[in-house]
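Let's go through this one together, a feature at a time. Have the chain open in your viewer and ask as we go.

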Amino acid sequence: MTDNPRPTRTPTARTAADSAPVRPVPHPVFCTIVPPHVLDHLSHLDDPVLSVPARRTLERDARERTRRLSAVAATRAAAPPPARRAEGAEATPQRTIYDAETREELPGVKVRAEGSDPGGDASVNRAYAGLGATFELFLKSFGRDSIDGRGLPLNATVHYGKEYANAFWDGEQMVFGDGDGEVFLDFTLPVDVIGHELAHGVTQYTANLVYRGQPGALNESLSDVFGSLLKQYTLGQNAEDADWLIGADVLGPRVEGKALRSMKEPGTAYDDDVLGKDPQPGSMADYVETDQDNGGVHINSGIPNRAFYLVATALRGKAWERAGQIWYDVLTGGELSAQADFAAFAALTAKAAEERFGRGEEREAVLKAWSEVGVGANS
């Protein structure tokens, strides 16, 4: 039974005129899909075929993180903001794909523009399609016009670096490596990786969660949530039919694991001699205190990840329609602090569930899920 239910709101596309104000973003976050602890483990293996690409990737990530944060901050301080969609114009994606040609210079050579036909490079075509699918998910499901809500062009670079074993969002665009062919394959293969990284952009333009500790783990979890929703959306899956794995298609022939992360069962994505043991906890009882990886942002994200999985599977059906809508409402509603911890986020999800759906099964599913992972969500 639903107590004083409120009508469900149907999302509609926003224009520049009716979008919520965009928060200033002085320090965009450099976010990678493969966690540093995984690459660090690989870099210490005796086999140079596995360790050398991982070591190089770690070095590239460190350089890129420092260089891009400084360059983007300086550029944004001196340059006008990117062009946005004109008021009243139709909400359609504006994609541009570049080829780094195994160099480490961004953005690279322009190889495909919006509306052009597919070419012979599968990585280019997958990146183009993945950007479009992400744009469609946010527009049709949540009424959001691109990642900033105002038609921001979507840019991506493929073939970055030689055997570069990662993909990242640098505050302005997506970048894909080709992998080493042994542990990691081409990072354009999993559509959830594309959704994950672009969701970092959505967080950047909304709550702008600090990339450290629990706020950072929430940042990572939100990207896993929307990455998984994108995969389910493109496959037409219900929550109960999805695998809830992140990055399953990027693991190479030398790995026995299932994926980079499991939202259903954090800590079970991999356990082998190559990647080591998945360290993600699924509840606060196993929360990991660490100074590495910005306080374990890729590790402790397993806790809110599992909470979302529990909500989505309890409600069944298309996960983006109710569970995803609640999470999106919190991310974009303006009440989520950049310093929010798990408990603050949990309380806002309970509040958002009630505001959108009433005091019914949605709110009960949210409260039960957070309780199961050991996070209080009283609202």
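Q: Is Lys351 buried, partly exposed or exposed, and how do I read that?

A: Buried means under 20% relative accessible area, exposed over 50%, and partly exposed in between, using a 1.4 Å probe and protein chains only. Lys351 has a relative accessible area of 30%, so it is partly exposed. Keep in mind that this is a predicted model, where local features need pLDDT of at least 70 and side-chain atom pairs count only at pLDDT 80 or more, while totals for chains, interfaces and linings use all residues. Residues are numbered from 1 along each chain as its sequence is written, and side-chain values use heavy atoms, with hydrogens and water left out.

Q: Which residue forms a salt bridge with Lys351?

A: A salt bridge here is a side-chain nitrogen of Lys or Arg within 4 Å of a carboxyl oxygen of Asp or Glu. For Lys351 the partner is Glu335, with the closest N and O atoms 2.8 Å apart. This pair links distant parts of the chain, 16 residues apart: Glu335 sits in the loop between α8 (323-332) and α9 (342-357), and Lys351 in helix α9. Glu335 is partly exposed too, at 48% relative accessibility. As for the names, helices (H or I, at least four residues) and strands (E, at least two) are DSSP runs numbered from the N terminus.

Q: How many salt bridges does the structure hold?

A: There are 19. One of them joins Arg306 and Glu372, whose closest N and O atoms are 3.0 Å apart. Arg306 lies in helix α7 (residues 302-315) and Glu372 in helix α10 (residues 361-372), so the pair ties together parts 66 residues apart in sequence. Glu372 is partly exposed at 41%. Glu101 and Arg103 also meet in a salt bridge, 2.8 Å from N to O. Salt bridges can form a network as well, as they do among Glu354, Arg359, Arg363 and Glu364.

Q: What should I look for in a strand, say β2?

A: In a regular strand the side chains alternate between the two faces of the sheet. In β2, Arg95, Ile97 and Asp99 point one way, Thr96 and Tyr98 the other way, and all are buried. Five of the five residues of β2 (residues 95-99) are buried, so the strand is largely enclosed by the rest of the structure.

Q: Which strands pair with β2, and in which sense?

A: Two strands pair if DSSP finds at least two bridges between them. β2 pairs with β4 (residues 154-158) in the parallel sense over five bridges, and there Asp99 stands opposite Val158. Four bridges join β2 to β3 (residues 109-113), and these two run antiparallel. Tyr98 has Lys110 as its bridge partner in β3.

Q: What about the nonpolar core?

A: A nonpolar core is a set of buried Ala, Val, Leu, Ile, Met, Phe, Trp, Tyr and Cys residues joined through side-chain atoms within 4.5 Å. The largest one has 97 residues, and Leu42, Phe184, Phe226 and Trp327 have the most contacts inside it. Helix α3 (residues 122-142) gives this core its largest share, ten residues. A second, separate core of six residues includes Phe30, Ala100, Tyr164 and Val175.

Q: Which residues does Ser228 touch?

A: Contact means heavy atoms within 4.5 Å. Not counting residues up to four places away in sequence, Ser228 touches Asp192, Trp244, Ile246 and Met263. Ser228 is found in helix α5 (residues 213-235) and is buried, with a relative accessible area of 1%.
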